[in-house]
Amino acid sequence: MRTDTGRIVHLADYRPTDFVLERVDLTFELDPTETKVEARLIFHRREGVDANAPLILDGDDLTMTSLLFDQIEMDPARYTAAPESLVIRDLPESVPFEITVVTMINPEANTQLMGLYRSNGIYCTQCEAEGFRRITYFPDRPDVLAVYTINIIADKAANPLLLSNGNFLGGAGFGPDKHFAAWFDPHPKPSYLFALVAGDLGVVEDTFVTMSEREVTLKIYVEHGKEPRAAYAMDALKRSMKWDEEVFGREYDLDIFMIVAVSDFNMGAMENKGLNIFNDKYVLADPETATDQDYANIEAIIAHEYFHNWTGNRITCRDWFQLCLKEGLTVYRDHEFSADMRSRSVKRIAEVRHLRSEQFPEDAGPLAHPVRPTKYREINNFYTTTVYEKGSEVTRMIATILGRDDFKKGMDLYFERHDGDAATVEDFVKCFEDASGKDLKQFSLWYHQAGTPQITVSSTYDAGAKTLSLSLEQMVPATPGQSAKEPMHIPLRFSLISENGAEATASAISGGNVSGDVLHLTDRAQTFTFTGIGSRPVVSLNRGFSAPVTLHFSQSADDLGHIARYDSDLFARWQAITDLALPVLTDAAKSAREGTAITTSPAFIDVLLAVAADEALEPAFRAQALSLPSEADIARELGGNNDPDAIHAGRQAVLSAIATAGIEVFRALHDAHSASGPFTPDANGAGKRGLKNIALSFLTLAENTPALAAEAFARADNMTDLSQALTILAHRFPDSTEAKEALAAFETRFASNALVLDKWFSIQATIPGAASLDRVKALMGSPHFAPTNPNRVRSLVGTFAFGNTTGFNRADGAAYGFFAEQILAIDPRNPQLAARLLTALRSWRLLEPGRADKARTALTTIEASTSLSTDVRDIVDRILK
Ligand code: ARG
Ligand code: ZN
């Protein structure tokens, strides 16, 4: 493991390599514990580079057994080999030369799951960001592009399958028990896109005919027996390929596209050229084992990795500071894809909920960083929601500012100008400036300034003059390393809704740049005046969440109710409902904390129930409206000195009031959607199940008995209904016989399906209350738990830390202590997993002083360890700073 070197990498230090890599030939002799890797690398010195400059190759934990220069053993005086680098001196001034390095690696012992490792008997790789250097010495950086030929030799019986990037060249027997296969990838690529898979797997095959009539073979590899569960992933893949042709004009560029599902994987999936490797959680689905959320995730992630072929692979990143260039853009593309496949507004609501619950806290806390950072200590810690999701929002704003046509021209120009390049964010933005003629200099601050902009809004209507003035003031909060901020260019979609619900149009607008329905806030403070407005309108601002900002706009409950009823933008309607709910929930939390009576405004309940019962609205939208802001949302709104128990109690009281008032509405919804006909995993079916299940949850609250949920559990014919019923039973009646029996039945029924048991772990890890810590500890002793499998750890420890506010933050701090022990135990095995889990404590300063103090103690315990990985050291230092 790499322990911390304290080294910090700066964007300002970027310079190209001294040597140009021309080609790469790798030969793997696979063995579970002693794999031999021979790398033949052809280099030449870059023009103008000093003749004495040495060749420096990256390594991580490597043992070299031989080094040849132009096929002849190299004089040891000419090189220095260390586990983390290989430095070679006295190299030719101008002619190309060949270096042959042989390293020995141990895939079985690779518990970090970076580089070449074994998962359930399958050899697989993960090289992004810096995993390739754990395979061989190499210029392991994204701006070194080369053409690769791969030879794989392995035991034939155990590894009938030998896969790598590109096209299959051929294979044959190799001695009595072995065989080999050769692969060639004609597209120059950086090392992080290298992949190798070997083992024995089942396959699902299909074909796709591209827009220029080329037939592409599609293969999804899964464990034997799981082939039927790959059908949905295959369908999602074909729809992704078609969509990218139709919407972005992008065609696939090899004869074969492969996906391999593995069960031990640190993240969601990886876009290796022609050979994507996936966490099996994002491939396998059938109605009996996958929820609607699982189906939606599979569709989105299959699309995401496929879309990387153009945004990431054909055009890659110059350096890791440019990560958002591929990730933000590709998330934007997968969001658009899902919006087209499903309901656009409902998808947007879900995106914004996710952004607010994950990215906003990151941007407001000690880990805040710009979408395009300028320094890092451990790059793995920058695969964040800021780079991904805020990066996507920044791309979306470019589309909003330019409009559909110019945005498309800009994308086309980007693909044309930079195909084959390792590009920068500046290159990307320049394409949109050149395509549209618009200046995006101020806009680019979105890449460089961290923190969520706060916008204070006020409006006044002058009946005599028939004018509406809208005053806006922006403030970007200070973030680590950035105390003073410049005003940003913030595109805000708006509508003026008149009394009868129709849209009012102004005869003139002054005070700033307004194009169509987009108001461009560019100054620190600006007042827009709309003239010719006959009666006082209600202002609907930031429609569709056109900018990732927080609005502080004290609109009356009447105005919000008006938007909730009339806005033609469904997102804005949902936002208005949320804005009505938040003060009710924060008041309830305050009352719970002070021990005073909790009251819930009847007006708010009326609006909510009217939406719930409105058959003109799609079920998925109604389900979103009924899913009130989460405890984390309320904590964020309260802003500090938070008591998670009071927030929970207050929210429960509000839910109960809604349940009691709406019992008839919920009964009707539940009954109407209970007999829903044959299962379909599409958005329509999912929406109906979502509405039915939230109705069940309210009904159960109103009746306060486990009977209905127990019945639903017994009746369920799909995993969404089953897991929802189980959640209601376990969370509301944890000590009831019904809950205990259902948990046991679920465990028995799915005993051989680890992915489903993850749900069983998560449901129990999120049972509210202080007792959950003991439950989590007991579950770690379950035979289904495996401390080395990231999915298991995330579903139990991760879900507890991120998703159980009352349990994790129990007042005595015991859960923090447990958590620190877990981090210290996981870190030596898998630093990436440990570091990611640790971010659960990033908002500790928002807790009331008693808990904050205990959280600090736990963090200090971690910090005091002398053997932390760079990953965990980086996070703990920043969180405590
Ligand atoms: N590029 C992959 C994706 O977007 C994720 C790789 C994450 N790598 C890491 N070291 N965290 O799907
Ligand atoms: Zn990605």
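Which way do V538, V539, S540 and L541 point from strand β32, and are they buried or exposed? I looked this up in what is a predicted model.

**Strand β32.** I found V538 and S540 pointing one way from β32 (residues 538–541), with V539 and L541 pointing the other way. I noted that all of them are buried. In a regular strand, side chains alternate between the two faces of the sheet. I then looked for the partner of β32 and found strand β27 (residues 490–497), paired with β32 in the antiparallel sense over four bridges. Opposite V538 in β32 I found I497.

**The annotated span.** I checked the UniProt record, an unreviewed entry, which annotates residues 451–553 as "domain: Peptidase M1 alanyl aminopeptidase Ig-like fold". I noted 50% strand and 0% helix for this span, with its end C-alpha atoms 19 Å apart.

**The open sheet.** I traced five strands in an open sheet, in the order β28-β31-β26-β25-β33, with mixed pairing. The edge strands are β28 (508–510) and β33 (550–553), each of which pairs on one side only. Neighbouring strands of this sheet are turned by 20 degrees against each other on average, direction ignored. I followed β28 to strand β31 (residues 525–531): the two pair in the antiparallel sense over three bridges. A508 has T531 in β31 as its bridge partner.

**Ligand 1.** I listed the residues that surround ligand 1, among them E128, A129, M267, H304, E305, E327, N380 and Y383. The elements giving two or more residues to this shell are β20 (269–270) and α2 (292–307). I sorted the shell residues into five nonpolar, three polar and four charged.

Definitions and conventions
Residues numbered from 1 in each chain as written. Chains lettered and ligands numbered in written order. Predicted model: local features only at pLDDT ≥ 70, side-chain atom pairs only at ≥ 80, totals over all residues. UniProt positions renumbered as here; feature names shortened; annotations may be inferred. Buried ≥ 20, exposed ≤ 12 C-beta atoms within 10 Å, placed from the backbone. Pairing = 2+ DSSP bridges. Near = placed C-beta within 6 Å. Nonpolar A, V, L, I, M, F, W, Y, C, P; charged D, E, K, R; others polar. Axes fitted to C-alpha atoms, helices over the stretch in contact; angles between N-to-C directions.
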